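Here is a predicted model to look through together. The questions below ask how its labels follow from the computed values.

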Amino acid sequence: MIVFKEVCVGCGRCQPYCPARAIFFEDQRSAVDQTLCLECGTCLRSGICPVDALFEPPQVYEYPRALRKYFSDPTSTHSVTGIQGRGTEESKTNDVTMRCGPGAVGIAIEIGRPTLGMGLRDIQKITRALAQAGINEIEENNPIHSMIQDHQTGDLKSELLDERVLSAIIEMQVPRAQLQRILQMLKQVIPQLDSVFTLDVFTLLEENLQVPLDILSVIESEGFAWRPNAKINMGLGRVSE
Ligand code: SF4
Ligand code: SF4
């Protein structure tokens, strides 16, 4: 995002809308710190500017900066997933996709939300730790997958490392037996992250609508606090072949 300085009247109304605190005063006009700006578009979409001084230049859609847009602007469609947002539909459509079946556990590692933002170097800290733990099953349809240069080391493509995004999710499906190892790995890497962190673990419910006790026991034994969270699909989809 940029501000047309010759148009800006320096009212400052746009500044509180920026989750990255990227808009600042310079010579009594607003300006955008291009390093901090996440290209989320919030300031522009708010319509708050009385003189239309905010402008999204075409360079926003050039690689690698375009990743800021795809990960941070919920109205943009990601070029990898083809859907709006940072990841895939995850558990929301599991009743028809069965991506996470019996005996498996789905894991989503969310960083940067709510509205704190993060650098992609933090994603690399996690992908490297996963690779060192021998876990390379990152979901292929998640945009993070295509950002990894070397799946053996977990290194991201070097041109991406200085990019910042509002938030990102690393998704995977693994056998239940791997959950404990992943949680132990995460406990090692969490203190190195310069942002906020949420871990989603999802499974099929058992017949009596009980969350599998072995999953809860692993989560608790590794010291993670948990709370149940249901995403209900109304069953209007068709079963995938
Ligand atoms: S696009 Fe988003 S991050 Fe960039 S200046 Fe506007 S509100 Fe801030
Ligand atoms: S709202 Fe518009 S005029 Fe006011 S400071 Fe921001 S860019 Fe300038």
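Q: Why is Glu163 called buried?
A: Glu163 has 21 C-beta neighbours inside 10 Å. A residue is buried if 20 or more other C-beta atoms lie within 10 Å of its own, so Glu163 counts as buried.

Q: Where is Glu163 found, and which residues does Glu163 touch, not counting residues up to four places away in sequence?
A: Glu163 is in the loop between β8 (155-156) and β9 (164-165). With residues up to four places away in sequence left out, Glu163 touches Pro64, Arg65, Leu67, Arg68 and Leu120. What makes these contacts is a C-beta to C-beta distance within 7 Å.

Q: How far apart are Glu163 and Met118 in sequence and in space?
A: In sequence, Glu163 and Met118 are 45 residues apart. In space, their C-alpha atoms are 8.8 Å apart.

Q: Why are helices α4 and α6 called oblique to each other?
A: Helix α4 (residues 120-132) and helix α6 (residues 179-189) pack at an angle of about 140 degrees. Angles over 145 count as roughly antiparallel, under 35 as roughly parallel and 65 to 115 as roughly perpendicular, with the rest oblique. The pair of α4 and α6 is therefore oblique.

Q: Which residues make the contact of α4 and α6, and how do they divide?
A: From α4 come Lys125, Ile126, Ala129 and Leu130, and from α6 come Met185, Gln188 and Val189. The residues of this contact divide into five nonpolar, one polar and one charged. The axes of α4 and α6 are 10 Å apart, and α4 passes α6 in a right-handed crossing.

Q: Which residues come nearest to ligand 1, and what makes up the shell around ligand 1?
A: Of the 14 residues around ligand 1, Met1, Cys18, Cys37, Cys40 and Cys43 come nearest. The shell around ligand 1 has eleven nonpolar residues, two polar and one charged. Cys and Met both count as nonpolar here.

Q: Which residues come nearest to ligand 2, and how does the shell around ligand 2 divide?
A: Cys8, Cys11, Cys14, Ser30 and Cys49 come nearest, out of 14 residues around ligand 2. The shell around ligand 2 holds ten nonpolar residues, three polar and one charged.

Q: What does the chain look like overall, in secondary structure and burial?
A: The chain has seven helices and eleven strands. Of its 241 residues, 29% count as buried.

Terms used. Residues numbered from 1 in each chain as written. Chains lettered and ligands numbered in written order. Predicted model: local features only at pLDDT ≥ 70, side-chain atom pairs only at ≥ 80, totals over all residues. Near = placed C-beta within 6 Å. Helix = DSSP H or I, 4+ residues; strand = E, 2+ residues; numbered from the N terminus. Buried ≥ 20, exposed ≤ 12 C-beta atoms within 10 Å, placed from the backbone. Contact = placed C-beta atoms within 7 Å. Axes fitted to C-alpha atoms, helices over the stretch in contact; angles between N-to-C directions. Left-handed = near helix turned anticlockwise from the far one by under 90°.
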